[in-house]
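Take a look at the structure below. The paragraphs after it walk through its parts one at a time.

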Amino acid sequence: MRRRTLLTATAAAVPVALMMGLDEALADTPAPSGQGPLDGRMAAARELHDRGAHSRLLAALPGLIADGHGAASSRRKLDQARLSSVYSLAAAVLTNLGSYGQARLTADRSRT
């Protein structure tokens, strides 16, 4: 019972606008952000996830998704793996926030 209460409190603490930004990025990939090297930003995003800084992570994910798609357009396996890891991270944070349906769809994208 405590886990459910924690999930509810965590989901309520995340601003709706941040969830909407991620939903929009998942529905229609934004243009690449050009915010710098993807690997360093992914490492920082994983650290945010590990610390439970969901709001900051949700703010970063749309840019990571956009830049991951930009990199994957090269058709190189490494760039496609980077995009897959972005989607895996997005699925993990959605699961943490209790958005299980959206997390399953996002996890499926990480596989494809």
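What follows goes from the overall layout to the core, then to single residues and charged pairs.

This is a predicted model: local features need pLDDT of at least 70, side-chain atom pairs count only at pLDDT 80 or more, and totals for chains, interfaces and linings use all residues. Residues are numbered from 1 along each chain as its sequence is written, and side-chain values use heavy atoms, with hydrogens and water left out.

Start with the layout. The protein has six helices and zero strands. Along the sequence the pattern reads α-α-α-α-α-α. Helices (H or I, at least four residues) and strands (E, at least two) are DSSP runs, numbered from the N terminus. The protein has 112 residues, and 37% of them count as buried. Buried means under 20% relative accessible area, exposed means over 50%, and partly exposed lies in between (1.4 Å probe, protein chains only). Now consider contacts, meaning heavy atoms within 4.5 Å. Among contacts in the protein with a separation of 6 or more, 70% come from residues 24 or more positions apart.

Next comes the interior. A nonpolar core is a set of buried Ala, Val, Leu, Ile, Met, Phe, Trp, Tyr and Cys residues joined through side-chain atoms within 4.5 Å. The largest such core has 24 residues. Leu-22, Leu-57, Leu-58, Leu-61, Leu-64 and Ile-65 touch the most other members. Four helices each supply at least two residues of this core: α2 (16–27), α3 (38–51), α4 (54–72) and α5 (77–96). The most come from α5, with seven residues.

Which residues does Ile-65 touch, not counting residues up to four places away in sequence? They are Leu-22, Ala-25, Leu-26, Thr-29, Leu-83, Val-86 and Tyr-87. Leu-64 lies in helix α4. Leu-64 counts as buried because its relative accessibility is 1%. With residues up to four places away in sequence left out, Leu-64 touches Leu-38, Arg-41, Met-42, Ala-45 and Val-86. Leu-64 and Met-42 are 22 residues apart in sequence, yet 7.5 Å apart in space, C-alpha to C-alpha.

Now follow α4 itself. Its 19 residues should span 27 Å at 1.5 Å a residue, and the end C-alpha atoms are 25 Å apart, which agrees. The expected span is 1.5 Å times one less than the number of residues in the helix. There is a kink in α4 of about 30° at Ala-60, shortly before the proline Pro-62. The bend at a residue is the angle between axes fitted to the seven residues ending there and the seven starting there.

Move on to α5. This helix has 20 residues and reaches 29 Å from its first C-alpha to its last, close to the 28 Å expected at 1.5 Å a residue. The buried residues of α5 include Leu-83, Val-86, Tyr-87, Ala-90, Ala-91 and Leu-94. Its buried residues pack against α2, α3, α4 and α6. Just after α5, Gly-98 takes a positive phi of about 85°.

Thr-106 lies in helix α6 (residues 100–111). Is Thr-106 buried or exposed? Thr-106 is buried, because its relative accessible area is 2%. Its side chain reaches the backbone oxygen of Gln-102 at 2.8 Å. Thr-106 also touches Leu-26, Tyr-87, Ala-90, Ala-91 and Leu-94, not counting residues up to four places away in sequence.

Charged pairs complete the tour. A salt bridge is a side-chain nitrogen of Lys or Arg within 4 Å of a carboxyl oxygen of Asp or Glu. How many salt bridges does this rule give? The count comes to five.

One of them joins the side chains of Arg-51 and Glu-47 (3.4 Å, N to O). Both lie in helix α3, four residues apart, about one turn of the helix. Arg-51 counts as exposed, at 52% relative accessibility. Glu-47 is partly exposed, at 46% relative accessible area.

Asp-79 takes part in other pairs. Its side chain meets that of Arg-76 in a salt bridge (3.6 Å, N to O). Asp-79 counts as buried at 7% relative accessibility, whereas Arg-76 is partly exposed at 47%. Arg-82 and Asp-79 also form a salt bridge (2.7 Å, N to O). They are three residues apart in helix α5, so about one helical turn separates them. Both Arg-82 and Asp-79 are buried. Salt bridges that share partners join Asp-39, Arg-76, Asp-79 and Arg-82 into one network.

Terms used
A polar contact is a pair of N or O atoms within 3.5 Å; within protein, one must be able to donate a hydrogen and the other to accept it, and residues adjacent in sequence count only if both atoms are side-chain atoms.
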